[in-house]
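Have the viewer to hand and follow along point by point.

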Amino acid sequence: MSNEIISPENLVYTKPKLMNDTIMHYCPGCSHGVVHKLVAEVIADMQMEEKTIGVSPVGCAVFAYRYLDIDWQEAAHGRAPAVATAIKRLWPDRLVFTYQGDGDLACIGTAETIHALNRGENITIVFINNAIYGMTGGQMAPTTLIGQKTSTCPYGRDPEIHGYPLNITELASNLQGTCYVTRQSVETAPAIRQAKKAIRKAFTASMEGKGSSLVEIVSTCNSGWKVSPVEANKWMEENMFTVYPKGDLKDTTGIK
Amino acid sequence: MADGEVTLMKGNEAIAHAAVRCGADGFFGYPITPQSEIIETLALMKPWETTGMVVLQAESEVASINMVYGGAGAGKRVMTSSSSPGISLMQEGISYMAGAELPGVFVNVQRGGPGLGTIQPSQSDYFQSTRGGGNGDYNVIVLAPNSVQEMADFVDLAFNLAFKYRNPAMILSDGVIGQMMEKVVLPPFKPRRTEEEIVKECPWATIGRTKDREPNILTSLELKSEVMEMRNIHLQEKYKAIRENEVRYETLMLDDADYMIVSFGSAARISEKAIELARAEGLKVGLFRPITLWPFPEKAIVAAIQGKKGVLVAEINAGQMVQDVRLAVNGIVKVEHFGRLGGIVPDPEEIVEALKEKLL
């Protein structure tokens, strides 16, 4: 094939300028890389790179601070919304967001999450829900589906033993402090475009002081689920989307 | 009230007033007896309308300390306060702050334990305070006020030390000092720092990566052991500098004394009276009061015990600081302990009796 078309004027896509040239630790097929890219693009699109502080979680995204060329604080497990609360209150003209997984946000950090959202802190929480603890090797998460096998529910999640999956995003949509609560995914090009719009809306709402935003990204963890990336996407579409249906759960922002 | 005016207030109230006056940017707290007057006073003062200071009641002590982590990481002068069980909940955040080298201030108005314990005063968090308290090899700077005046004065001091060394600093008070009313002269008003001043003082702060610098990343995590060891060595070097430069203590009537009482905080006030009683009986007793519990004034104690016949460590616990005194004294003279437990505050007479019984 000829390389003649590879020239600057034909460039239609490039790595976001806020993505560092660092080898990511994420597994091939993982959703994190795509979401990182979207966050990086939105910050650059909003020209907020000099005024953004990210708060990374404990979990697979603990090293998010290595990948985006902005200021970061790494929070204790589950505490990112409390950390972000203070940063935003003390620097109200900054864009402050947290990036958290299901274990961090919906289990150990449930109190911090619910209360930051309910206070209407002008922050955005980007919530990666892959229904499993990825970093520690595939244990049961608060969002693990009924019947789903993990290393701590190897015979499948049984509500009699393990309780039910926690739909924290729906809970968040019922809180008075939230202005924008949405559930997205990044397994197809249209879904990615939609997810980017959602992140942009959430960040804009944060800067306009409209309240708290929660952007859930229903995600895959092919390593933890022990399937191929392609199979993981299929499994997510068939199983996750029925329990965690996509779309806006709440939008009072008035932002297009 | 005007600058320099003498006023009467509780130790807890003095903390609140001093915070506003020393240019604090934020207070994040959760109610617990016997320190709730701190956040209550701040709420009444509404400093967000005057100095712009943020005051926020958090959902827990866990959230409070992590708000302090976030605020300190963003270069701001932020603090929290609690009492013993709440301080236990904060230990995770304090350890993370030590690891990420963040300069927050926290106040412990101690009550008796263990567990939910009692709401009455105690000094039984000495070990927790002076040994770090959470996981890992670290120390926090610990200041022990013995009066409402020192409650007021130590807020600014704690912030200054915290920022000087990028390390958490603690004011270790107790229910006696927090609740009692005394005369106090509040510190003069100092404006909050401007953004330019914060950038200059805290080039490490996460307030948005400007084009002229690399991103600031605040974390206590490092998976490479070789790098993590270097970070720990750096922390230990910092602690060594703090031990060399920041020891504070006070002595009273030690020159002619045959016996030395070592006490901190409220117990030191009781020991002062005990010394008066002992001297009225002809017993020459003096006081050594550590003001910094970490760094501990071990060299000063060794110097002070020369020529003394014995030491009584009087503290409101089962015998905690006495271990540090014994380590310092290293067998040169006899070191005994006296304490009351469970929220009982000892009388001066009990301390005199203990001294006679254990040392004479």
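**Notes on the model**

1. Let's begin where the chains meet: the contact draws 34 residues from chain B and 29 residues from chain A. On chain B's side, the elements that supply two or more residues are β2 (26–29), β3 (54–57), α3 (61–73), α4 (84–100) and β9 (217–218). Of these, α3(B) gives the most, with eight residues. Sorted by class, chain B's side of the contact has 16 nonpolar, 12 polar and six charged residues. Keep in mind throughout that this is a predicted model.

2. There is strand pairing between the chains too. Strand β2 (residues 71–74) of chain A runs parallel to β9(B), and two bridges join them.

3. Now for chain B on its own. The assignment divides chain B into domain 1 (6–195) and domain 2 (250–359), and the C-alpha centres of these two domains are separated by 27 Å. Their contact takes 25 residues from domain 1 and 21 residues from domain 2.

4. What does domain 1 of chain B bring to that contact with domain 2? The elements giving two or more residues are α5 (126–130), β6 (141–143), β7 (169–174) and α7 (175–179) of chain B. The largest share, four residues, comes from α5(B). By class, this side of domain 1 has 12 nonpolar, 11 polar and two charged residues.

5. As general background, nonpolar side chains tend to be buried together in soluble globular proteins.

6. Leaving aside residues up to four places away in sequence, A19(B) touches A24(B), F27(B), M79(B) and V155(B).

7. Helix α10 (residues 265–280) of chain B is worth a look as well. This helix has 16 residues and reaches 24 Å from its first C-alpha to its last, close to the 22 Å expected at 1.5 Å a residue. Its buried residues are G265(B), S266(B), A267(B), A268(B), I270(B), S271(B), A274(B), I275(B) and A278(B). After α10(B) comes G282(B), with a positive phi near 90°.

8. A few backbone details to check. Most peptide bonds are trans, and most residues other than glycine have a negative phi. Where are the cis bonds from T33(B) to P34(B) and from W294(B) to P295(B)? P34(B) sits in the loop between β2 and α2 (37–45) of chain B, and its cis bond has omega near 5°. P295(B) is in the loop between β13 (292–294) and α11 (298–304) of chain B, and omega there is near 0°.

9. Finally, two positive phi values in residues other than glycine. K46(B) has phi near 50° and lies in the loop between α2 and β3 of chain B; this residue is exposed, with 11 other C-beta atoms within 10 Å. N330(B) has phi near 55° and belongs to the loop between α12 (321–329) and β15 (334–338) of chain B. N330(B) is exposed as well, with 10 other C-beta atoms within 10 Å.

Key:
Residues numbered from 1 in each chain as written. Chains lettered and ligands numbered in written order. Predicted model: local features only at pLDDT ≥ 70, side-chain atom pairs only at ≥ 80, totals over all residues. Contact = placed C-beta atoms within 7 Å. Expected span 1.5 Å × (residues − 1). Buried ≥ 20, exposed ≤ 12 C-beta atoms within 10 Å, placed from the backbone. Nonpolar A, V, L, I, M, F, W, Y, C, P; charged D, E, K, R; others polar. Pairing = 2+ DSSP bridges. Domains from an automatic or database assignment.
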